[in-house]
Amino acid sequence: MADDYLVRIGKLIRDARQHRGWTQSQLAEALGTSQSAVNRIERGNQNISLEMIARIGEALDSEIVSLGYAGPMHLRVVGGRRLSGAIDVKTSKNACVALLCASLLNEGRTVLRRVARIEEVYRLLEVLSSIGVRTRWINDGVDLEIVPSAELNLAAIDADAARRTRSIIMFLGPLLHRMDSFKLPYAGGCDLGTRTIEPHMIALRRFGLDIAATEGQYHARVDRTVSPDRPIVLTERGDTVTENALLAAARHDGITVIRNASSNYMVQDLCFFLEALGVKVDGIGTTTLTVHGVPTIDVDVDYSPSEDPVEAMSLVAAAVVTESELTVRRVPIEFLEIELAVLEEMGLDHDRTPEYFADNGRTRLVDLTVRPSKLEAPIDKIHPMPFPGLNIDNVPFFAAIAAVAQGQTLIHDWVYDNRAIYLTDLNRLGGRLQLLDPHRVLVEGPTRWRAAEMMCPPALRPAVVVLLAMMAAEGTSVLRNVYVINRGYEDLAERLNSIGAQIETFRDI
């Protein structure tokens with residue numbers, strides 16, 4: 001075994017021992033060896049067998065080595081540090097994935113600017129490439145070029161990649177214009193409980209799409225004689241449901257009215273993109289959208305998706321939880337006004353610059369400076385509502401914020417079956433959260449955070465909430481298997497380190 005591997009293994013063992021709170025002598029006693037031998041192992045000065053590594057891992061209740069593959073990515077967080085300076089918000093994850101699906105509408109070249117390099121995007125690119133779409137990163141990997149082929153090969157679809165993203169459901173709207181029958185793997189993504197696709201089916205059925213779900217696949221058939229003869233009323237004001245209806249309407253030869261539509265940020269970005277493709281959309285930002293479809297779209301389009309309000313909220317929460325002064329730049333203020341109003345009532349000290357436009361020329365941005373504040377629990381419960389209400393994806397961040405506020409806060413996450421349950425992972429870090437039922441959690445503050453080692457929750461936003469709490473906790477924490485965070489955030493650890501955090505990315509050897 002090479003010396004550098006011995007040093008790396010020794011460091012992993014030392015960190016695991018210190019996280020457990022053991023001395024070298026205590027570890028030596030558990031292993032039936034000497035303290036000096038443990039010292040040599042931790043310094044990388046002694047050969048060590050795989051059997052001994054396994055024994056050490058068992059003694060410390062920590063997986064030191066994983067064999068046969070690179071292993072999952074983990075984060076080691078040294079908490080209790082103040083953040084400072086400024087950080088830019090990246091482009092919207094949810095807008096980018098919708099635009100990738102929308103690129104299937106266009107027979108020409110699509111260029112998306114400053115696309116977030118995240119796992120969710122990578123999975124969709126793998127799917128697109130597998131069916132014959134040419135994609136490549138350009139301009140030093142900043143922008144993304146997409147050129148669909150004349151014929152798509154759905155039989156060759158990368159099913160594994162498709163099942164790891166719920167966004168695959170938004171292939172239905174574009175594909176119904178390109179083929180009479182096709183199959184798609186079931187949608188995956190975060191583990192947020194049962195989420196029916198029936199609202200999608202109700203909307204798309206009006207365009208002749210019929211779906212049977214069997215054996216892990218959606219079997220789709222299109223009846224070309226069917227088209228909307230009256231407004232489509234969505235049974236759920238969901239973001240992806242609205243986007244799927246828009247994607248179907250974009251190439252429908254006629255006018256489609258969509259009612260009870262989401263007016264959220266990613267839907268607006270998709271509407272702006274459709275307009276760049278030559279599709280007129282009336283009512284953007286409202287719950288009634290009128291789409292003037294174009295049966296053939298063949299244009300070279302260049303579009304810049306706007307910034308991500310949920311990432312902006314997570315950065316604001318990072319400042320609040322760590323009691324830091326931080327400037328978050330390029331915040332899409334239209335989609336955070338309710339959240340900031342609630343935080344103001346809780347006592348948040350902050351200010352913002354005058355508004356300016358995002359690169360798409362439509363979305364309003366500000367730079368937001370947050371300062372350390374003494375927060376009080378809000379009088380009313382925290383609960384999401386469709387835009388312009390408090391964003392569904394921002395609810396989890398209020399669990400961490402409420403934990404540092406004085407008093408009790410009731411959080412009601414009524415949308416998802418079990419996301420509130422994951423918020424109770426904060427109790428491992430010193431939080432006092434009481435689960436009232438699968439949708440409601442009572443948070444008691446203020447919290448004296450403490451370091452811990454734990455597995456990452458299988459849902460994106462609760463996972464980031466746990467990371468923020470670790471940043472506030474004195475000592476060293478370990479968050480294991482952070483793939484779900486990488487689904488939605490680009491280089492989050494590195495970017496947080498740039499403003500004062502101390503987070504190390506590592507893998508089991």
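Ground rules, quickly. Residues are numbered from 1 along each chain as its sequence is written, and side-chain values use heavy atoms, with hydrogens and water left out. Because the model is predicted, local features need pLDDT of at least 70 and side-chain atom pairs count only at pLDDT 80 or more, while totals for chains, interfaces and linings use all residues.

Start with the rings. The structure holds 3 aromatic pairs. Rings of Phe, Tyr and Trp (its six-membered ring) pair if their centres lie within 6.5 Å; planes under 30 degrees apart count as stacked, over 60 as edge-to-face and the rest as tilted.

Take Phe 273 and Tyr 303. Their ring centres are 5.8 Å apart with planes at 70°, so this pair is edge-to-face. Phe 273 belongs to helix 11 (residues 265–276) and Tyr 303 to strand 13 (residues 301–303), so the pair ties together parts that are 30 residues apart in sequence. Helices (H or I, at least four residues) and strands (E, at least two) are DSSP runs, numbered from the N terminus.

Are these two buried or exposed? Phe 273 is at 0% relative accessibility, so it counts as buried. Tyr 303, at 6%, is buried too. The cut-offs: buried is under 20% relative accessible area, exposed is over 50%, partly exposed is in between (1.4 Å probe, protein chains only).

Next pair: Phe 335 and Phe 387. Centres are 4.9 Å apart and planes are at 45°, so the pair is tilted. Phe 335 sits in the loop between strand 14 (326–332) and helix 13 (337–346), and Phe 387 in the loop between strand 17 (364–371) and helix 14 (395–403), so the pair ties together parts that are 52 residues apart in sequence. Phe 335 and Phe 387 are both buried. Ring pairs also bring in Tyr 265, which forms a cluster with Phe 335 and Phe 387.

Stay with Phe 387 for a moment. A cis peptide bond joins it to Pro 388, with omega about 15°. There is also a cis bond between Gly 445 and Pro 446, with omega about 0°. Pro 446 lies in the loop between strand 20 (440–445) and strand 21 (453–455).

Back to Phe 273. One of its contacts is Ser 103. Ser 103 is in the loop between helix 5 (93–102) and strand 3 (110–112). It is buried, with a relative accessible area of 0%. Not counting residues up to four places away in sequence, Ser 103 touches Thr 110, Ile 146, Pro 148 and Phe 273. Contact means heavy atoms within 4.5 Å.

Now charges over rings. That calls for NZ of Lys or CZ of Arg within 6 Å of the ring centre and within 35 degrees of the ring normal. The charged end of Arg 76 sits over the ring of Phe 506, 4.0 Å from its centre. The charged end of Arg 117 sits over the ring of Trp 137, also 4.0 Å from the centre.

Last, backbone phi. Most residues other than glycine have a negative phi. Asn 260 has phi near 60°, a positive value. Asn 260 is partly exposed, at 24% relative accessible area. Glu 323 has phi near 55°, also positive. Glu 323 lies in the loop between helix 12 (309–321) and strand 14, and counts as partly exposed at 47%.
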